[in-house]
Amino acid sequence: MELELRHLRTVRAIADTGSLTKAAAALGLAQPALSAQLRRIEKALGGALFDRDHRGARTTPLGELVLERARVVLPAVSELQAEAVRFANADGALDRFRLGGTHGPLLGGLVDRMAAAHPAVPVSTCTSWSVSEIASQVIDGRLDFALIGTCGESPPPLADRLVWEVVGVDPVFVMLPESHPLADREELELAALAGQYWAHVPGDGCFADCFATACARAGFTPVSVYETDTASVVHLVQVGRAIGLCRATFPPAPGVVTRPLAGSPLTWRHLLGRHPHSPAADAAAEVAGLTRAAYAEAVSRSPRYARWLTAHPRFGAVP
């Protein structure tokens, strides 16, 4: 029998879980099938890879050698596969711009500026609530640039394989209906909103956990939190069913006011990402400049936020 990548994955799974039963579950195999496969692998390699007893499976010296090599080979092959897919999806020349983004206020502004700067070059977009999905499409060469957001200082997805630039840092504001008793205040304490229903858009980052933590520090647990699309968040606020959470650059909406939270307990970073070796790399500086211009325009649409920034210099555009 010749050793295959799936055999190395089997060895790694058994070592990582410390049990054939757990490894079989992780690999989607029946335990007898996994045991038979391990026996074939050990026969091909000339000795036992694991000592097994009622406490589980532990690597032998030979098993340690194989495991050490597997942990080098398997990531290298995965990287090779990803690079091959990315190369196959790239045409070798940037004859179009393919932008990916989450549902934020900057993507439309970036598309507008890129279309104006390159009227003969098509611009396409792909949106998703998942920043990991968008980043993976950049890795695969299906997208040239990713415009996403991350909560606080949390790292962007695939940070070791993509180049990320911080465009701007916003506090998270709250959206209130104009008729709300606190709507006339310039700034709100989070604790003053205890007992309210809340709404925000979904995502695969840590924002929901950070919001729950901020509320706990303010001495309360949210009554209920609706995760829904942006239009529905705005509607729930307009009809007085919920308090919305939004980035400070969120565009104005009829019947809604946005207000900062005292101490800015929640923050949001706008990031532009690309693959360092994609055909789009030569256009990176220009696209970053256009993205920053889109961010500046988003800030200017909210005079209240623009004034707030003068007193809070750690927020706003990042050069």
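Contact here means heavy atoms within 4.5 Å. The model is predicted.

**View 1**
Glutamine 37 sits in helix α3. Its relative accessible area is 9%, so glutamine 37 is buried. Leaving aside residues up to four places away in sequence, glutamine 37 touches Arg6, His7 and Thr10.

**View 1. Helix α2 against helix α3.**
Helix α2 spans residues 20–27, and helix α3 spans residues 31–45. The two pack at an angle of about 105 degrees. Their axes lie 9 Å apart. Angles of 65 to 115 degrees count as roughly perpendicular, so α2 and α3 are roughly perpendicular to each other. From α2, the contact uses Leu20, Thr21, Ala23, Ala24 and Leu27. From α3, Gln31, Leu34, Ser35 and Leu38 take part. By type, the residues of this contact are 6 nonpolar, 3 polar and no charged.

**View 2. The largest nonpolar core.**
This core holds 37 residues. Which of them touch the most other members? They are Leu110, Met114, Phe145, Met175, Leu272, Val287 and Tyr305. Several helices and strands each supply at least two residues of the core. The strands are β3 (97–101), β5 (145–151) and β6 (163–177). The helices are α5 (107–117), α8 (230–238), α9 (284–300) and α10 (303–310). Helix α9 gives the largest share, 7 residues. In soluble globular proteins, nonpolar side chains tend to be buried together.

Leucine 272 is among the core members with the most contacts to other members. Not counting residues up to four places away in sequence, leucine 272 touches Phe145, Ala146, Leu147, Val163, Trp164, Glu165, Val167, Val287, Ala288 and Thr291. Another core, of 21 residues, lies apart from the largest one. Its members include Cys151, Leu182, Ala183 and Val257.

How many disulfides does the structure hold? The count is 0. Cysteine 151 is in no disulfide. The nearest cysteine sulfur to that of cysteine 151 belongs to cysteine 210, 3.6 Å away. A disulfide needs the two sulfur atoms within 2.5 Å. Cysteine 151 is buried, with a relative accessible area of 7%.

Terms used:
Residues numbered from 1 in each chain as written. Predicted model: local features only at pLDDT ≥ 70, side-chain atom pairs only at ≥ 80, totals over all residues. Heavy atoms only, no water. Core = buried A, V, L, I, M, F, W, Y, C linked by side-chain atoms within 4.5 Å. Buried < 20%, exposed > 50% of the residue type's maximum accessible area, 1.4 Å probe, protein only. Helix = DSSP H or I, 4+ residues; strand = E, 2+ residues; numbered from the N terminus. Axes fitted to C-alpha atoms, helices over the stretch in contact; angles between N-to-C directions. Parallel < 35°, antiparallel > 145°, perpendicular 65-115°, else oblique. Nonpolar A, V, L, I, M, F, W, Y, C, P; charged D, E, K, R; others polar.
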